[in-house]
Amino acid sequence: MKQLILSVHDVKAEIYQRPFVAKTKGEALRGFIDAVNDPSIELSKHPEDYTLFVLGYFDESSGLVEPLSTPEPLGKAIEFVK
């Protein structure tokens, strides 16, 4: 099964944070939205600075990584603040 490889980009620090995997874009967005609205997590303190990106795919049966030629944005944290 292929999983998505994702990362949160911090525009102020000019870095992509440590990548993580998710089965679907919906699963990744749910975790991102939860983090954005959790006051104990850094994302919630400056949501205007963070964007979630898909970087590529990881095939767990072969171990191969397929990067995207350009990261695909899934949404800015500020869009998900409740």
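Start by selecting His9 and Tyr16: His9 stands opposite Tyr16 in strand 2. Before you go further, know that this is a predicted model, where local features need pLDDT of at least 70, side-chain atom pairs count only at pLDDT 80 or more, and totals for chains, interfaces and linings use all residues. Residues are numbered from 1 along each chain as its sequence is written, and side-chain values use heavy atoms, with hydrogens and water left out.

**Stop 1**

Strands here are DSSP runs of E with at least two residues, helices are runs of H or I with at least four, and both are numbered from the N terminus. Two strands pair if DSSP finds at least two bridges between them.

Now bring in the partners of strand 1:

- Strand 4 pairs with strand 1 in the antiparallel sense over nine bridges; look for Gln3 opposite Phe58.
- Strand 3 runs antiparallel to strand 1 and is joined to it by three bridges; Leu4 has Ala22 as its bridge partner there.
- Strand 2 is antiparallel to strand 1 too, with two bridges.

How many of the nine residues of strand 1 are buried? Eight of them are, so to speak, under cover: strand 1 is mostly covered. Buried means under 20% relative accessible area, exposed means over 50%, and partly exposed is in between (1.4 Å probe, protein chains only).

**Stop 2**

Go to Glu14, in the loop between strand 1 and strand 2 (15–16). Strand 1 and strand 2 make a hairpin with four residues between the strands. Glu14 is not a glycine, yet it has a positive phi of about 60 degrees. With 66% relative accessibility, Glu14 counts as exposed.

**Stop 3**

Helix 1 has 12 residues and reaches 16 Å from its first C-alpha to its last, close to the 16 Å expected at 1.5 Å a residue; the expected span is 1.5 Å times one less than the number of residues.

Colour Ala28, Phe32, Ala35 and Val36, which are buried in helix 1. Turn the view to look down the axis: the buried residues of the helix fall within an arc of 100 degrees, so they line one face. That arc is taken over the directions from the helix axis to the C-beta atoms. These buried residues pack against strand 1, strand 3 (20–22), strand 4 and strand 5.

**Stop 1**

Centre on Phe32. Leaving aside neighbours within four places in sequence, Phe32 is in contact (heavy atoms within 4.5 Å) with residues including Val8, Leu43, Leu52, Ala77 and Phe80. Thr51 is another of the contacts of Phe32.

Thr51 sits in strand 4 and is buried, with a relative accessible area of 13%. Not counting residues up to four places away in sequence, Thr51 touches Ser7, Val8, His9, Phe32, Pro73, Gly75 and Lys76.

**Stop 2: the other hairpin**

Select residues 65–76 for strand 5, which runs antiparallel to strand 4 and is joined to it by seven bridges. Phe58 turns up again here, opposite Val65. Strand 4 and strand 5 form a hairpin with five residues between them, and Gly63 in the turn has a positive phi of about 80 degrees.

**Stop 3: charged pairs**

The whole structure has four salt bridges, each a side-chain nitrogen of Lys or Arg within 4 Å of a carboxyl oxygen of Asp or Glu.

Pick Lys2 and Glu66, whose side chains meet in one at 2.9 Å, N to O. Lys2 is in strand 1 and Glu66 in strand 5, so this pair ties together parts 64 residues apart in sequence.

Finish with Asp49 and Lys12, which form a salt bridge at 3.0 Å, N to O. Asp49 lies in the loop between helix 1 and strand 4, and Lys12 in the loop between strand 1 and strand 2, so the pair ties together parts 37 residues apart in sequence. Which of the two is buried and which exposed? Asp49 is buried at 8% relative accessibility, whereas Lys12 is exposed at 59%.
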